[in-house]
Amino acid sequence: MVDEVSNDRLHENRWWWKEKLCVGLKENQGSTYELRRRKHGKGPQDLHYRLHDPSLMATKGNPGDNRTRKSFSIFIVVGLCCFFYLLGAWQKSGFGKGDSIAQEVTKTADCSVLSNLNIETHHGDGIKNLHDLQQTKVFQPCADRFIDYTPCHDQMRAMTFPRDFMNYRERHCPPENEKLHCLIPAPKGYVTPFPWPKSRDFVPFANAPYKSLTVEKAIQNWIQYEGDVFRFPGGGTQFPHGADAYIDQLASVIPIGNGMVRTALDTGCGVASWGAYLFKRNVIAMSFAPRDSHEAQVQFALERGVPAIIGVLGTIKLPYPSRSFDMAHCSRCLIPWGGNDGKYMMEVDRVLRPGGYWVLSGPPINWKVNFKSWQRPKEELEKEQRNIEEMAKLLCWEKKYEKGETAIWRKRVNQGYCQERDSRVTLCQSTNPDDVWYKEMEACVTPYMETNNTDEISGGELKPFPERLNDIPPRISSGSIDGVSIQSFQQDKKLWQKHLNAYKRVNKIIDSGRYRNIMDMNAGFGSFAAALESPKSWVMNVMPTIAKRDTLGVVFERGLIGIYHDWCEAFSTYPRTYDLIHANGLFTLYKDKCSYEDILLEMDRILRPEGTVIIRDNEREVMKVKRIVSGMRWDAKMVDHEDGPLVPEKILFVVKQYWVAGQNLTSWR
């Protein structure tokens, strides 16, 4: 009811009136609008308008033209009468302040709030002018040496930390006074990556111009340089005959292909060929590798369109919830599984779902045959494998396969199969095995969740993918997440399908394959990713560490992937690694935590040139963001909520302009 609209609500929508007036002005060039108040004696107050349009004046010429103009003017008059009748009704209610709103809109209307977006990609080097928006400051390009800057994995800073247990390869973010407040440039010649699946096999040389891997891994069939592109034949250190043949070998033991194995973790992934070739089997792998002497491993993986982050098994727990992955994999990943008191295997056990598989390919498996070629003492290799076998038993893993240099274990489905281990290992005392952000690994085993019988899967049974995508996740059906019900989960699914349909009306290529690498910065239940689910794309679902409710486990139970992260810090990836970034309620979440400027500069760093950002938040936060990005070479367009302009939530669509290092930018203000 209009009588129930408060003065505060009306004031909050002043930006809406402003935009609607601007649209009218843009669509009716030559017209002028004048708002004025007229009072009818002692009767109710009302707002009226005067429309003066020179085109409506009597002219000589075709009478049909006059009739058309007359019809158009009547349409405008009727529409504006309805609009101001409603505004007058607010006044009549005693709550409205129509006069002050009209005056404020007349004084401050910014008729460039809306602009045209060029969402289609191209390889050009032109730079468009930014909107004439109020802005806080203009952000300048960083120096060219920062082209591949990774703030929390900076090589120079890393060397100042201890080398024990790979600590120096973990996250070490810069303090506030060392943060860059400039825009990371793309390398000269940068082009839009090839669409999937061509990108799996070819990456433009200009996008990651580093040849060291082509030399170091030449005989292992990782990567080859051919003219202006890199080619990835699909080989690897442990699968010289190609990733497909290697995966076929694993599939003889692991049910890859029937939907029961959907999420995988690839530790020490190299250029992520294993994950790249799993996609066509409907398996999605989260790959990670450190930023080390092999330049651009993770960068190559993401350029190929494969999920990956910069990371390492060192001293800190992996940024994933417990019971996340159906399969974990190490192909000569150089992780000392038999050492460090078994902590690394314990950490894999934490993130491995009951009934999940662990694959170890390479040393020390089959050491009797290979110790000479590996140039390692056989006694050392023998001890390492013995330690691995013993720890696997303590973790309740059953060895299923060993052939050549590959071994496969399966984690038991519940505690009932492994009662004897309690007296031989230390069980972790933490009540929340998902509390992992910057938490050190411990020499303890994450206990199974209790079950009623020996046939029940601890933590709940999952349906095969894609059925599990829309099925009720066990974490929700069991009621283990406070404040979340089955009904609220189902409503969330429907809501995000509705939101996505609204996005497509603005950005018609959102599910065309143009955007391969997608990030949801505040993922919730992962319903945005579920609505987008397609072989053409994948979504990195990020769970902010300050979120009121941790639902990342739900994301994995749906057959999607994600990660914990605090957006007050930089993300563990190279620049230009995402095609589309979605941020729902993120700025409201962080408004009292850290600078919007820092978050937006990080978004710009990881977004590809001509990539897209969709920011969904309340109007106040969206306007703050819009003022900042006016100085960031982002073309922006703000639109109303799909349910109408009175909904306080707004959506900002952004396209990052194309520009590269060394380009003459004098035309950009």
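Predicted model: local features only at pLDDT ≥ 70, side-chain atom pairs only at ≥ 80, totals over all residues.
Colleague: Which parts of the chain does the pair of Cys152 and Cys173 link?

Modeller: Cys152 lies in the loop between helix H4 (98–108) and helix H5 (155–158), and Cys173 in the loop between H5 and helix H6 (198–201). These are distant parts of the chain, 21 residues apart.

Colleague: Why is the disulfide of Cys152 and Cys173 called right-handed?

Modeller: The torsion about its S-S bond is about 110°, so the disulfide is right-handed.

Colleague: What is the torsion for Cys330 and Cys333, and is that disulfide right-handed or left-handed?

Modeller: Cys330 and Cys333 are joined with an S to S distance of 2.0 Å. The torsion is about -95°, so this disulfide is left-handed.

Colleague: Why is Cys152 called buried, and what is Cys173 called?

Modeller: Cys152 has 1% relative accessibility, and buried means under 20%, so Cys152 counts as buried. Cys173 has a relative accessible area of 22%; this value lies between the cut-offs of 20% and 50%, so Cys173 is partly exposed.

Colleague: How do you know whether Cys428 and Cys444 are buried or exposed?

Modeller: The relative accessibility is 16% for Cys428 and 7% for Cys444. Both values are under 20%, so both residues count as buried.

Colleague: What does the link of Cys428 and Cys444 tie together?

Modeller: The two sulfur atoms are 2.0 Å apart, and the link is right-handed, with 95° about the S-S bond. Both cysteines lie in the loop between strand S12 (406–411) and helix H14 (467–470), so the pair ties together parts that are 16 residues apart in sequence.

Colleague: Why is strand S19 described as largely enclosed by the rest of the structure?

Modeller: In strand S19 (residues 649–656), 7 of the 8 residues are buried, so the strand is largely enclosed by the rest of the structure.

Colleague: What makes S17 and S18 paired strands of S19?

Modeller: Strand S17 (residues 607–618) is joined to S19 by 7 bridges, and strand S18 (residues 634–640) is also joined to S19 by 7 bridges. At least two bridges are needed, so both strands pair with S19. Asn618 stands opposite Glu649, while the bridge partner of Trp634 is Lys656.

Colleague: Why is the aromatic pair of Phe239 and Tyr246 called stacked?

Modeller: The centres of the two rings are 4.8 Å apart, with 25° between the planes. The centres must lie within 6.5 Å and stacked planes are under 30 degrees apart, so the pair counts as stacked. Phe239 and Tyr246 are both buried.

Colleague: What makes the pair of Tyr503 and Phe653 edge-to-face?

Modeller: The ring centres are 5.9 Å apart and the planes stand at 85°. An angle over 60 degrees counts as edge-to-face, so the pair takes that label. Tyr503 lies in helix H16 (residues 486–506) and Phe653 in strand S19, 150 residues apart. Tyr503, with a relative accessible area of 1%, is buried, and Phe653, at 2%, is buried as well.

Colleague: How do you know that Arg200 is within reach of the ring of Tyr277?

Modeller: Arg200 lies over the face of Tyr277, at 4.0 Å from the ring centre.

How values were computed. Residues numbered from 1 in each chain as written. Heavy atoms only, no water. Disulfide = S-S within 2.5 Å. Helix = DSSP H or I, 4+ residues; strand = E, 2+ residues; numbered from the N terminus. Buried < 20%, exposed > 50% of the residue type's maximum accessible area, 1.4 Å probe, protein only. Phe/Tyr/Trp six-rings, centres within 6.5 Å; stacked < 30°, edge-to-face > 60°. Lys NZ or Arg CZ within 6 Å of the ring centre and 35° of its normal.
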